[in-house]
Amino acid sequence: MYRNHILFSIDDSSLKAGVKDVENIFKSELAKLNLLDEVNVLETGTLGFFGKGVCAKVYPENVIYANIKPADIPELISEHFLKGRILKRLVLQSKNTSQIDLNYSKRIVLEHSGIIDPENIDEYLGVGGYEAWEKALTSMSQDAIIKEVKDSGLRGRGGAGFPTGLKWSFTAPLKAPQKYFVINADEGEPGTYKDRLIMEGDPHKLLEGIMISSYAIGATKAYIYVRGEYKLSIERLNKAIKQAKEYGLIGKNIFDSGFDLEIGIKVGAGAYVCGEETALIESLEGNRGNPRVKPPFPGVEGVWQKPTVVNNVETIANIPSIIKNGAKWYSEFGTDEVNGTKVYTIMGDVEVPGLCEVDMGTTLREIIDNYGGGMKEGKKFKAALVGGAAGVFLPEKLLDAKMDYNSLKEYSAVLGSGAILVMDESADIVEMLGSILKFFKHESCGKCSPCPRGNEILNKIIKKIIAGKGKEEDLDTMINVAEAMAKTSLCALGQSPIMPIKTAINNFREEFLAKNKSKK
Amino acid sequence: MYENILNKYQPDKDNLIYILHDIQDNDSQNYVSEEAINAVSDYLDISQSHIYGVLTFYSMFSVKPRGKNIIRLCDSPPCFLKGSSKLYKKISKMLNVKNGQTTKDGKFTLELVACLGVCGNAPVAMINNDIYADLTEEKIEKIIKKIDKGDDNVS
């Protein structure tokens, strides 16, 4: 019986900070003091914040230590694990709050992230993992699963917010020799890395979601399309799939139900447009990632012209809990109109960049103050770019707006992918927009003409404005061009620039105009 | 010479991107050569032009020889806000290369890339397979110097 558990956060950022060395020294120090059978040293996924070096959480005290250096270990062990006193100088703190709230009580998709070892299926089973899969496969019909998901009100978390159950219901009744279920893990929206953290922190949860979803639509083959840059995600998913196979959770005739399922991983090679589902399908087939003309929609003709459902990682990580606890349980999260939680990544000028999972409808102010540790160095908030490059600039007056699909619509804004890039008063909105437009120009695939041509024009204008040579009419031209692109482009890439352009110009018009005066 | 790599995969077209990654990762100049394209074309029975089209579509691939080390500096909005353009100038001056160019000694290639998904630690760069985060001009200079000396263990 262990007296304490210490969980080291293993992610890209802590690996770089030398977590493995710290962990080894920690273990050898424990051994010296004969504490190895009293203190259990474990590894877990990310704890939810970054730039804090090696971090570890200690139970049962629930204390988070940050920036642990090898030199701190003797003191940490002697204070916390021998004397039972919390070593205050290493506790994760920010200037505005004494301790960062990680909101574990209200988590769904990240409920185990930072608690269990993501590379060990037994730990996932130990917290009730794969119970939903067993329940779905042995006691629920496909229709019953789809109804439950529909009733839960779950909507796609990739950005568009399409109702998940409804999407499934188009494909489920189709008769086809083969159907596919595909996970879109080509997370390329600048500022968005929630899916990476879900895959790194709790890969089995995603797998369980995939199993249930594939069964619901009748797909016997599932793919996870992961962007090539996510090395750790790919490694952990591969391990998780191998373990699930060994435990008979996938494969042939699962739980004697007669249902077969194979899950494979496909790796991208760096193209933002592949986040668009038809482009993703093209890429998965080994082609250039050019979007297809819709209709036919992937639900009818997707991978190799077979019915295919494509869902986002976060969306599907919600499925096991919905099936296990029911739609009614799920509807207790969120607002009256929009159910569930949302995972946000918070970055930019905040004290503690990281991620959080909160109820739909949580305000921007709450997210920044409670989960981002407040504004960096107490500076004044100027704007937040919410939803990545295809997102919107929210000004100070919208700090108290509820963040969910419906409420944001009132302000002509969108929730998007969940990226929150916070900017303090020193940020230059015009140059930020310049950076966004440069990104779109670079990523435009060239399949349809409005998108590459439009992005070219937009870049010319914004460069002119940044150089101080713009005119006021240029702002209207930008909006007109972007609106035309939105109406005529084939996919969401060309339809997106209007969002940041309109919200930047409408909320910060004076800044665009001031560019001219300041440089004259 | 590509057989060892090709034989690891079923000759299906949907393995193309996997195969190209593998070939490039094992190439001393970090690119996919015409010879490699021909070999893949034979193995998968797809045209050279299709493979060339795929290679030039995705930013992680190159059809030109590149340096031993590839510095992929993110310049998407979150890194831009945190000063990625200063880093670009610094690296560019230090190595005397611009975006997409390789140093004369063939050691480094500098590439500006889109979001690497490590935005909580912006600004970031990926050098070969490793992420370097919370970068400053001094930090990136040190890292590059260390790699230049052949020390792979840089933190």
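Modeller: Let's begin with the word "contact": two residues are in contact if their C-beta atoms, placed from the backbone, lie within 7 Å. This is a predicted model, in which local features need pLDDT of at least 70 and side-chain atom pairs count only at pLDDT 80 or more, while totals for chains, interfaces and linings use all residues. Residues are numbered from 1 along each chain as its sequence is written, and chains are lettered from A and ligands numbered from 1 in the order in which they are written.

So what does chain B bring to its meeting with chain A? The contact draws 34 residues from chain B and 43 residues from chain A. On the chain B side, helix H2 (16-25), H4 and helix H5 (77-81) each contribute at least two of the touching residues. Sorted by class, this side of chain B holds 21 nonpolar, 10 polar and three charged residues. Here Ala, Val, Leu, Ile, Met, Phe, Trp, Tyr, Cys and Pro count as nonpolar, Asp, Glu, Lys and Arg as charged, and the others, Gly among them, as polar.

Now let's step back to the whole of chain B. The chain contains seven helices and four strands, where helices (H or I, at least four residues) and strands (E, at least two) are DSSP runs, numbered from the N terminus. If you follow the sequence, these elements come in the order α-α-α-α-β-α-α-β-β-β-α. The C-alpha trace of chain B spans about 50 × 30 × 25 Å along its principal axes.

Chain B is split into domain 1 (3-57) and domain 2 (69-148), with bounds that come from an automatic or database domain assignment. Between the C-alpha centres of these two domains of chain B there are 27 Å. Among the contacts in chain B with a separation of 6 or more, 56% join residues 24 or more positions apart.

How much of chain B is buried? Of its 155 residues, 44% count as buried. A residue is buried if 20 or more other C-beta atoms lie within 10 Å of its own, exposed if 12 or fewer, and partly exposed in between, again with C-beta atoms placed from the backbone.

Next, look at a pair of helices in chain B. Helix H3 (residues 34-44) and helix H4 (residues 48-57) of chain B pack with their axes 9 Å apart, at an angle of about 120 degrees. The axes are lines fitted to C-alpha atoms, for helices over the stretch in contact, and angles run from 0 to 180 degrees between N-to-C directions. That angle makes H3(B) oblique to H4(B): under 35 degrees counts as roughly parallel, over 145 as roughly antiparallel, 65 to 115 as roughly perpendicular and the rest as oblique. The crossing of H3(B) and H4(B) is right-handed; a crossing is left-handed if the near helix is turned anticlockwise from the far one by less than a right angle, and right-handed if clockwise.

To find this packing on your screen, pick out B:Ile37, B:Asn38, B:Val40 and B:Ser41 in H3(B), which meet B:Gln48, B:Ile51 and B:Tyr52 in H4(B). This contact of H3(B) with H4(B) is made of four nonpolar, three polar and no charged residues.

One loop residue of chain B also deserves a visit. B:Asn30 sits in the loop between H2 and H3 of chain B. Most residues other than glycine have a negative phi. B:Asn30 is not a glycine, yet its phi is positive, about 55 degrees. B:Asn30 counts as buried because 20 other C-beta atoms lie within 10 Å.

Finally, let's cross over to chain A for a residue that touches chain B. A:Glu443 belongs to helix H17 (residues 429-443) of chain A. Leaving aside residues up to four places away in sequence, A:Glu443 touches B:Ala114, along with A:Tyr272, A:Val273 and A:Leu493. A:Glu443 is buried, because it has 23 C-beta neighbours inside 10 Å. Between A:Glu443 and A:Pro190 the C-alpha to C-alpha distance is 12 Å, although 253 residues separate them in sequence.
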